[in-house]
Amino acid sequence: MAWLALYRLLTVAAGPLTPLYLAARRRGGKEDAIRIEERRGRAARARPAGPLAWIHAASVGEAASMLALMDRLLAERELTILITTGTVTSAKLLASRHRLDRVIHQFVPLDVPAFVEAFLDHWRPDLALWVESEFWPNLIGATRARKIPLLLLNARMSARSFHGWRRVPGGIKPLLTSFDLCLAQDQLQAERLRQLGAKRVLSAGNLKLAAAPLPAAEPELARLSGRIAGRPLWLAASTHDNEEDIAAAAHRLLKRAHPAILTVIVPRHPARA
């Protein structure tokens with residue numbers, strides 16, 4: 001618990017520096033300038049009346065894995081879904097896929113106590129569904145303190161994170177025990193979560209593998225498919241700075257044996273495209 005107390009103190013102290021942090025991210029194309037106040041916990045619209053389920057998904061992949069679940073919830077329950085993410089691309093995906101009268105997207109607040117409290121004061125969710133391994137200590141702690149049921153969906157814990165947390169006194173147990181139920185991607189993830197202190201863990205399968213294909217402009221897709229038909233193709237997806245150089249070097253090596261090879265590079269952040 002000592003590290004959680006220290007984390008909270010540091011995030012309180014960092015509060016005055018958040019404008020500089022957000023400004024740097026905005027210049028890099030990682031923030032929506034019009035909606036920057038959402039990152040400070042200030043909502044863009046009023047909370048609708050009635051039950052509200054809050055889903056938190058880190059980015060595009062996690063948000064896409066929740067689309068089918070959101071459709072099911074909306075079909076079977078009279079409720080509103082609030083979904084929070086941390087990336088501009090995920091916001092665009094969600095805006096294109098759902099009716100805005102029953103699904104509200106907000107950018108997740110920075111994990112600063114004042115921002116977290118403002119966010120929860122406004123939205124007052126009846127249920128919180130967190131996706132994969134997006135653990136923000138202040139946000140999780142404040143949600144639990146308000147006795148809001150917390151579920152971890154599609155949960156995973158990489159080998160590196162697992163061994164790292166085992167070396168931390170107290171580890172991640174204070175966060176994992178905040179969740180009433182953890183639904184892991186597979187038995188290995190479930191066992192890692194149990195060893196780290198999660199109370200109730202079930203293996204439910206990987207929701208990303210069950211997600212429907214993302215929408216595409218069919219004429220444009222057909223045109224592109226025709227242009228690359230028959231060519232060997234490989235994709236370097238979600239690349240970061242300098243990784244494109246590695247992909248280019250791999251392309252040059254592959255081209256010796258496969259002259260017609262086509263390399264497609266998709267940067268993690270579209271602003272770098």
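Which residue takes a positive phi just after α7? In this predicted model, that residue is Lys 147, with a phi of about 60°.

Helix α7 itself spans residues 137–145 and packs with helix α6, residues 113–123. The two axes lie 9 Å apart, at an angle of about 45°. The crossing of α6 and α7 is right-handed.

Five residues are listed on the α6 side of this contact: Pro 113, Val 116, Glu 117, Phe 119 and Leu 120. They meet Asn 138, Leu 139, Ala 142 and Thr 143 of α7. By class, the residues of the contact comprise six nonpolar, two polar and one charged.

Burial in α7 takes in Pro 137, Asn 138, Leu 139, Ile 140, Ala 142 and Thr 143. The packing partners of these buried residues include helices and strands. The helices are α1 (2–14), α6 and α9 (173–176). The strands are β1 (52–56), β4 (127–131) and β5 (150–155).

The side chains of Ser 90 and Thr 85 are joined by a polar contact of 2.7 Å. Beyond neighbours within four places in sequence, Ser 90 is in contact with Thr 85, Ser 59, Val 60 and Ala 63.

Terms used. Residues are numbered from 1 along each chain as its sequence is written. This is a predicted model: local features need pLDDT of at least 70, side-chain atom pairs count only at pLDDT 80 or more; totals for chains, interfaces and linings use all residues. Side-chain values use heavy atoms; hydrogens and water are left out. A polar contact is a pair of N or O atoms within 3.5 Å; within protein, one must be able to donate a hydrogen and the other to accept it, and residues adjacent in sequence count only if both atoms are side-chain atoms. Contact means heavy atoms within 4.5 Å. Axes are lines fitted to C-alpha atoms, for helices over the stretch in contact, and angles run from 0 to 180 degrees between N-to-C directions. Helices (H or I, at least four residues) and strands (E, at least two) are DSSP runs, numbered from the N terminus. A crossing is left-handed if the near helix is turned anticlockwise from the far one by less than a right angle, and right-handed if clockwise. Ala, Val, Leu, Ile, Met, Phe, Trp, Tyr, Cys and Pro count as nonpolar, Asp, Glu, Lys and Arg as charged, and the others, Gly among them, as polar. Buried means under 20% relative accessible area, exposed over 50%, partly exposed in between (1.4 Å probe, protein chains only).
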